[in-house]
Amino acid sequence: MALFLSVSAQAGYSSPGLKVTLQEQELIFHVEGQADLGTVFILGGGPGFTSWNLEPIQKQVADQGYQAVVMDMQGIGENIRPFQKPILETWVAQIEAVRQALNAQPVTLIGHSWGALMAMLYIERHSQQVDKLILLNPVDPEKKAMIHLTTEIHQRNLDQQNPQWDNEQAWDNDIGDSQAQLERITLRQIQQVLPTYFYDYSQGVAYANQFSSRDFNIDLNVSAWKEYDRHPLNYELFEKWRKPVYFMECRQDHLMPYNLQAMQAQIDFRRVDLLESCGHFPWVEKPHAFKALIKAYLNDPIH
């Protein structure tokens, strides 16, 4: 049973939050707009990364007449607490608890990066509750693009700066028992990796500086990927579901062209749109083009 309580905005969120009870824990979520045209869930995050950076998308969706929902998943950001396993099953249950609390049906899912897989995992369990799927720079279910990802991030860093790769301390991932050590490693992950996801590296550096160690849970990231790898998604999901799927990507994203090639071979997309001169965060690097496409996807009739 859901319990609504108004709470002050936390972490990087600008709007007050509501609370829903899941497995005897209160979890915060944020809503913008009215449900005149329906409800849209915007999913992102790593896994293990905060979702407050999705607020610009949330506001654009709300401006189109929709009720837009964003939230940190259990174990992350303002919902940080000991996470429960199985993690992915708990996250699916969290989305469903919020949907029920809002009495929203059916809903549109927007999934960015890992959030695309999170959206698909939800559809796998609750296909009747979703009428449209919008994929933004997604990870394909078979993770074809991930094979190249580490190499490309490393090369991008080498191209843009002169790090001391021979400094053993720079590569020390031993968290130990020190909270300070964990925070240092977490910030290093954010500040070294996030900028490489931008076409304009300097813009990526500024973007990464917005986040704190509270915004990323390394342990949760590793655990969630391990869970996914044990039970990956099957593309047969889309053959059974048969609802519109939209694909937006930046040509300069690390995940391109591998993920598009893999997914296009398996999914009959309603639309595929590729943006130029941007990386992994199109709403930051190409805001006007991004906004126009989101509007087109949301307003495209289902039938």
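Visitor: What share of the contacts between residues at least 6 apart in sequence join residues at least 24 apart?
Guide: First, the ground rules: this is a predicted model, where local features need pLDDT of at least 70, side-chain atom pairs count only at pLDDT 80 or more, and totals for chains, interfaces and linings use all residues. Residues are numbered from 1 along each chain as its sequence is written, and side-chain values use heavy atoms, with hydrogens and water left out. Contact means heavy atoms within 4.5 Å. Among contacts between residues at least 6 apart in sequence, the share joining residues at least 24 apart is 70%.

Visitor: How many helices and strands does the protein have?
Guide: Both are DSSP runs, numbered from the N terminus: helices are H or I with at least four residues, strands are E with at least two. The secondary structure comes to eleven helices and eight strands.

Visitor: What percentage of the 303 residues is buried?
Guide: Buried means under 20% relative accessible area, exposed over 50%, and partly exposed in between (1.4 Å probe, protein chains only). Of the 303 residues in the protein, buried ones make up 54%.

Visitor: Is the ring pair of tryptophan 52 and phenylalanine 211 stacked, edge-to-face or tilted?
Guide: Rings of Phe, Tyr and Trp (its six-membered ring) pair if their centres lie within 6.5 Å; planes under 30 degrees apart are stacked, over 60 edge-to-face, the rest tilted. The count comes to 15 aromatic pairs. Here the centres are 4.8 Å apart and the planes at 35 degrees, so the pair is tilted.

Visitor: How many residues apart are tryptophan 52 and phenylalanine 211?
Guide: Tryptophan 52 sits in the loop between strand S3 (39-43) and helix H1 (55-63). Phenylalanine 211 sits in the loop between helix H6 (201-208) and helix H7 (218-230). Both residues are buried. This pair links distant parts of the chain, and the separation is 159 residues.

Visitor: Which kind of aromatic pair do tryptophan 114 and tryptophan 225 form?
Guide: Tryptophan 114 is in helix H3 (residues 114-125) and tryptophan 225 in helix H7, 111 residues apart. Both are buried. Their centres lie 4.9 Å apart with 75 degrees between the planes, and the pair is edge-to-face.

Visitor: Which cysteine does cysteine 250 join in a disulfide?
Guide: A disulfide is a pair of cysteine sulfur atoms within 2.5 Å. The count is one. Cysteine 250 is in strand S7 (residues 245-250), and its partner is in the loop between strand S8 (271-275) and helix H10 (282-285), 28 residues apart. At an S to S distance of 2.1 Å, the partner is cysteine 278.

Visitor: What is the handedness of the disulfide, given its torsion about the S-S bond?
Guide: Cysteine 250 is buried at 0% relative accessibility. Cysteine 278 is buried too, with a relative accessible area of 0%. The torsion about the S-S bond is about -95 degrees, so the disulfide is left-handed.

Visitor: What is the volume of the largest cavity?
Guide: On a 1 Å grid over the protein atoms alone, a cavity is a set of points where a 1.4 Å probe fits but cannot get out; lining residues have an atom within 4 Å of a point. Grid points are joined across faces, edges and corners, and a volume is the space filled by probe spheres set on the points. The lining of the largest cavity includes Trp114 and Met118, and S3 and H3 each supply at least two residues. The volume is about 40 Å³.

Visitor: Which element gives the most to the lining of the second largest pocket?
Guide: A pocket is an open set with protein on both sides within 12 Å along at least five of seven lines. This one holds about 290 Å³. Of its 18 lining residues, Ile80, Leu182, Ser213, Phe216 and Asn217 are closest to the centre. With four residues, the element giving the most is H5.

Visitor: Where is proline 106 found?
Guide: The peptide bond from glutamine 105 to proline 106 is cis, with omega near -20 degrees. At 39% relative accessibility, proline 106 counts as partly exposed. Proline 106 is found in the loop between helix H2 (87-102) and strand S5 (107-112).
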